[in-house]
Amino acid sequence: MSFSDGSLLLSISALGIITSCVPSFCVIGHIASLLLACAIYAALCVIIVYFDSRFVRKMPVPSPVLTVGERSRTHGESERQWVTNFRTLGGLPIKDREGRQQKRIKPNAAYRCGAINGAMLDQSALDFPPPRTLIDLRAESEARGAPTILRDDPSASASSSRMAPKIVSIPSLAINQEELRKRNIPNIKDIMKLLVWRPSTLFLARPRLDELTDLCVERLILEPGFADGAVAKFIRLASDSAHHPVCLHCTEGKDRTGGMTALLLSALGVSREMIIEDFILSNKCVYERASRRDFLLRTIWLLTGRWISFVRFGDNVKSFMFVNREVMQSCLASVDEVWGGFNEKYWKAQGLTMGDIQRLRDAILM
């Protein structure tokens, strides 16, 4: 166990002071005093984290819920029964320049979510059919550690059971395996372990972990052909209605999935405001889970003597766990500046033709 920030001595000293204040008269008394001191120290750590989270470094306020058509049940109880950060894109409107609705996305064409690791397919909690095709944007090491599995609800009737969904892997990680090794990160799946025990590894090297999540979005949108043509592969697959409903996912369903979804919606002609709103809706969907993770992580840092990490990296952790509206706004503005918008020039750079985009629209819009 590595205590890289040098504050373990401070924690031991605090524990010794607490112990010396507790009277003891025998060996058993000394042991009891030590246990009591540990309990007091742990309670102090929890109190410090609570007040820091509540009054100093508050979690970002969740974005407003976007309720368009079938999207009214994208979070809450039904989400927790299925997978994290799940929502359907069905119902989003396509408007002309005068703001009049022309078409909308079919209710059962495309979904997005976080990792699907043995999730229960609870049909009673869904207002729409289960996915026919699962598109996994995670790196191979991530998928190997938590394979994509969607299982039927055992309480469902035999007549309601469906064919197992097809799983398509389109890795879209913003940093490759060689770059991970340079930063002493064996695999992307080890990030959470390092976040607990060696946070300086993730937040002192560039790009920092919280910058890496933004980089996932930026590289998908602003580097045509990124990840061996991941965008073109996804668009062509989504253009075939035989694959519908398609469900796009990564680990948390917010960065890589958010960037790819923004490209899908842009190709369909969804307004910028709706694209950005869908992107930051992830903050609403992951809020409770991220809050618990943040509280637990920073409590562990204090309990194990990482006081410097607690002070120095608290804001970075929050940035890592949520998406940033400004990142998507900046990406969309850069597309306008460099290519003049999501036009033929942009899609050609991505390895697609306007014929591909029209087939996508024909398959998904109604």
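1. Helix H12 (287-303) and helix H13 (307-321) each supply at least two residues of the lining of the largest cavity, and H12 gives the most, with 3 residues. Helices here are DSSP runs of H or I of at least four residues, strands are runs of E of at least two, and both are numbered from the N terminus. The model is predicted, so that local features need pLDDT of at least 70 and side-chain atom pairs pLDDT 80 or more, while totals for chains, interfaces and linings use all residues. Residues are numbered from 1 along each chain as its sequence is written, and side-chain values use heavy atoms, without hydrogens and water.

2. A cavity is a set of points on a 1 Å grid over the protein atoms alone where a 1.4 Å probe fits but cannot get out, and its lining residues have an atom within 4 Å of a point.

3. Among the residues lining the largest cavity are Met192, Glu252, Arg289 and Phe320.

4. Elsewhere, 5 strands form an open sheet of mixed pairing in the order E1-E4-E9-E6-E8, where two strands pair if DSSP finds at least two bridges between them. Strand E1 (87-88) and strand E8 (166-169) are the edge strands, each pairing on one side only. E1 runs antiparallel to strand E4 (residues 110-113), joined by 2 bridges, and Arg87 has Arg112 in E4 as its bridge partner.

Note on methods
1 Å grid on protein atoms, 1.4 Å probe; cavity = no way out; pocket = protein on both sides within 12 Å on 5 of 7 lines; lining within 4 Å.
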